[in-house]
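Hi everyone, thanks for coming along. Let me put the model up on the screen, and then we can take a walk through chain B together.

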Amino acid sequence: MKTRLARILLCAALIGAAAAASAGGPWRAAEQNTVGWQFMSPEERVEHQRRMRSFTSYEACVAYQAEHHARMAERAQQAGVTLAPKAESGCERFRARGVLK
Amino acid sequence: MSGPYVTPWRDPPVAAALVVGLPLALVWWAVPEGLPWWRSIAIVSAWGGMGLLLASLVLMVREPRVARFLGGLETAYRWHHRSGVAAYLLLLVHPLALAADAWAESPARAWQALAPWAQSWPVWLGWAALVLLMIGLAATFALNLSYRRWRGLHLVLAAGVPIGLAHVVVLLGSTGSGLALVALALLALGARFVVSDLGVAARPYRVTAVARRAAGVIEASLAPCAAALAVAPGQFVLAAFGEGPHYRGCGEYHPFTVSGVDRDAQLRVAVKALGPCSQRLQDLESGVLVRLQGPFGRFLGARRAEPALWIAGGIGITPFMAALRAGPLDADTTLIYLHREAAGAPFADELAALAAGDPRFELISCATGDRAPDFDALLAQADRLAERMIHVCGPPAMVDALAPRLRARGVAPGAVHFERFDFR
Ligand SMILES: Cc1cc2nc3c(=O)[nH]c(=O)nc-3n(C[C@H](O)[C@H](O)[C@H](O)COP(=O)(O)OP(=O)(O)OC[C@H]3O[C@@H](n4cnc5c(N)ncnc54)[C@H](O)[C@@H]3O)c2cc1C
């Protein structure tokens, strides 16, 4: 009975520790943090999220973001819409989390 | 894989804790904030499914100490199966929920989210993994497949796992958490395929004698060539028989319960011809090298000095033979031995001699022919049923038929131990 309890506790502790060690979850591209979200295909959204997560330097992230904004502004113009800036920026988020330097 | 030793009321909970805990931990870590409902479902199902898949990989490691920690190989395999199926179902929800999320924008977007040709290769990897998991799982449910075919198709399932992980890692970027998942999966896969299936840690034994115990049943004596395994009666080993002067073994590992643990650490295994490999083993000869892994199981391990009832069906007699051959019994024991034919049941003569020589041992031998035995009449022959420790070993149908009848006769759940010879 005792060893049984010890096993449950050990398992729970290991699993809990693993989850706690990395709490936070990965960043996700979404409408609130991606300019031009409505003009992107599902594949482009997946690729955008992948690119954003792949940067190791803040400058590279911001450069890509600027390029992305320009591309989206072009699509918006063709559709006759003006894009509003987003309240949240992925690159800022990554910097705040210490992922980007 | 269903378990050979089913003690349903006493399952140690480590395997279950892993199957529940690992996906919950991953979901807790990954649960999104502020995303649309369907997208959140897609994310949660993906991480939950991944957690279940990882738990399922850990549970297929076939190393004796790991198996013991997880509550025995049979329990581990049962949970391996459950978590594998649940993982597949959850992972299937993932693309469907993504499509449902896109549907809110337009049906065309939903279609784009599903159609592999509208996607890039990281998403194809995800689809490939799902298809492989589906093929592999279908094979798992096809119980009539030969072991070899079943194993091949199970390998397809295993191939789906690294491909699915590649999908995750590519989309996630090489983050610490993604790589930790890959490391855990590769460790479990490596431990299973390299250490267990290739038998890196297996011990060499040599066949020293082969006896024919009945039509289609042989018994081989195995002597250790190096360090011996510490096997107790009731336990089983995984055995891969190799080559002899005139004999070619099938080389793959099959489970066999030891039918004798003899002096000088020699083991005996009795093999009934059930399929291609066990059929070929009927021609086994002395001198063949055999590699053994184990021991596994705890079937007769829970015995105490209290009256016992053993019920064996056919080749399910092997664990009881090992216990009887190990020396005089410490408690009154009745053995109900069910077999097809009166003449030529394996070990019939030896059992009769043992019963004649040990007053504590009562043998009830019953030839059933091709019909199902009358279990109620048989159980009525064993007195004080509720006071006995009961061990049942035989074909799955027999085990399934006996369990409710024993319960109906007032036998406490914890007093019954089952062994089924049907896991893979
Ligand atoms: C814990 C355990 C202990 C066992 N102990 C013994 C023993 O002491 N003596 C003995 O003769 N056999 C024992 N078996 C069964 C033995 O492992 C199988 O008979 C053998 O693996 C069949 O392999 P095969 O290639 O000859 O046949 P397969 O081609 O694998 O199968 C032939 C037929 O047997 C059925 N079958 C397949 N796999 C198994 C399986 N693992 N168990 C039972 N039926 C199966 C199939 O559905 C098919 O109908 C044990 C099995 C388990 C799980």
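By buried I mean under 20% relative accessible area, with exposed being over 50% and partly exposed in between, using a 1.4 Å probe and protein chains only.

Some housekeeping before we move on. This is a predicted model, where local features need pLDDT of at least 70, side-chain atom pairs count only at pLDDT 80 or more, and totals for chains, interfaces and linings use all residues. Residues are numbered from 1 along each chain as its sequence is written, chains are lettered from A and ligands numbered from 1 in the order in which they are written, and side-chain values use heavy atoms, leaving out hydrogens and water. When I say helix or strand, I mean DSSP runs numbered from the N terminus: H or I with at least four residues for helices, E with at least two for strands.

Now, who sits beside E7(B)? On one side, 6 bridges join E7(B) to E8(B), and the two run parallel. Here Ala312(B) has Tyr337(B) of E8(B) as its bridge partner. To get from E7(B) to E8(B), the chain passes through H10(B), and this β-α-β crossover is right-handed. Right-handed here means that, with the strands pointing away from the viewer, the path from the first strand over the helix to the second runs clockwise. E7(B) is also joined to E10(B), by 5 bridges and again in parallel, and there Ile311(B) is partnered with Val392(B).

Is H10(B) buried or exposed? Residues 318-325 make up H10(B), and 8 of the 8 are buried, so this helix is largely enclosed by the rest of the structure. Among them are Phe320(B), Met321(B) and Arg325(B). After H10(B) comes Gly327(B), with a positive phi near 135 degrees.

Zooming out, we have an open sheet of 5 strands in the order E9-E8-E7-E10-E11 of chain B, with parallel pairing. Its edge strands are E9 (361-367) and E11 (416-420), each pairing on one side only. For strands, pairing requires that DSSP finds at least two bridges between them. On average, neighbouring strands of this sheet are turned by 10 degrees against each other, ignoring direction.

H11 (348-357) of chain B lies across E8 and E9, at about 150 degrees to E9(B). H13 (396-408) of chain B lies across E7, E8, E10 and E11, at about 155 degrees to E10(B). Those angles run from 0 to 180 degrees between N-to-C directions, and the axes are lines fitted to C-alpha atoms, for helices over the stretch in contact. Contact means heavy atoms within 4.5 Å.

Staying with E9(B) for a moment, this strand holds Glu362(B). At 38% relative accessibility, Glu362(B) counts as partly exposed. Setting aside neighbours within four places in sequence, Glu362(B) is in contact with Thr333(B), Thr334(B) and Leu335(B). By contrast, Leu179(B) is 183 residues from Glu362(B) in sequence and 59 Å away in space, C-alpha to C-alpha.

Finally, some backbone details. Gly294(B) and Pro295(B) are joined by a cis peptide bond, with omega about -5 degrees, and Pro295(B) lies in strand E6 (289-296) of chain B. Asp264(B) is a residue other than glycine with a positive phi, near 60 degrees, and is found in the loop between E4 (254-261) and E5 (267-272) of chain B. At 64% relative accessibility, Asp264(B) counts as exposed. Arg384(B) also has a positive phi, near 45 degrees, and lies in the loop between H12 (375-380) and E10 of chain B.

That's my tour, and I'm happy to take questions.
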